[in-house]
Amino acid sequence: MQLTHYNTHFKKRTFPIILVCDHVTNAPNIGSLFRISDAFGVEKLMLCGADITLGRKITKTSRATEKLVDFEICNSALSIIEGLKNEGYQVISLEITSSSKPIHTLKFSAEKPIALVIGDENFGVSDAIINISDMVMHIDMFGQNSSMNVVQATNIALYEMTKQLV
């Protein structure tokens, strides 16, 4: 029998992960980020960039999780990251760079809270944030394309991270 929201027995949990979105602006992507933030027990969702507002397209995709997830809208991802670093967060950017490490080779620990940074749908995480990140990780891909949708990549990253933090 297929289970529903009302009869699953998943243990509710929050992980020491803040998801920082560096200029992710596509409304369906933002709605989906609310859903996965709820699904993976993310501590907080930070939506950073100009003119981000919650509208009908976001709430439709989020399936009401914007009411459950702690979130904040701010202008500058860089200033948020600098603040989180000062608070002791480990900053991990999800981006393909010449020095990024494959996610499947990394070990994640709850000893130090994590700020996971994801980037703009077209340009990725900004160089300024990559330069101050404690680590840059990527997801190995085996096809012709060099990137995937930001939400799909974030799903994979949060799954791998929370699986290790359980």
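1. F123 is exposed, with a relative accessible area of 72%; exposed means over 50%, buried under 20%, and partly exposed in between, using a 1.4 Å probe and protein chains only. This residue lies in the loop between β6 and α4 (127-132). Its C-alpha atom is 28 Å from that of K163, a residue 40 positions away along the chain.

2. A word on the basis of these values is in order. The model is predicted: local features need pLDDT of at least 70, side-chain atom pairs count only at pLDDT 80 or more, and totals for chains, interfaces and linings use all residues. Residues are numbered from 1 along each chain as its sequence is written, and side-chain values use heavy atoms, with hydrogens and water left out.

3. The protein chain contains five helices and seven strands. Helices (H or I, at least four residues) and strands (E, at least two) are DSSP runs, numbered from the N terminus. Read from that end, their order is β-α-β-α-β-α-β-β-β-α-β-α.

4. The radius of gyration of the protein chain is 15 Å, which agrees with the value near 15 Å for a compact globule of 166 residues. This radius is taken over C-alpha atoms, and the globule rule is 2.2 Å times the number of residues to the power 0.38. Along the principal axes, the C-alpha atoms fill a box of roughly 45 × 40 × 35 Å.

5. Of the 166 residues in the protein chain, 45% are buried. Contacts (heavy atoms within 4.5 Å) between residues at least 6 apart in sequence join, in 85% of cases, residues at least 24 apart.

6. The largest nonpolar core has 35 residues, and F108, L116 and M137 touch the most other members. Such a core is a set of buried Ala, Val, Leu, Ile, Met, Phe, Trp, Tyr and Cys residues joined through side-chain atoms within 4.5 Å. At least two residues each come from β1 (15-22), α1 (27-39), β2 (42-48), β4 (90-94), β6 (114-119), β7 (135-138) and α5 (150-165). The largest share, seven residues, is supplied by α5.

7. Which residues does L116 touch, not counting residues up to four places away in sequence? They are I17, I18, L19, V20, I92, L94, M137, A157, L158 and M161. A second, separate core of 17 residues includes I18, M46, A115 and V136.
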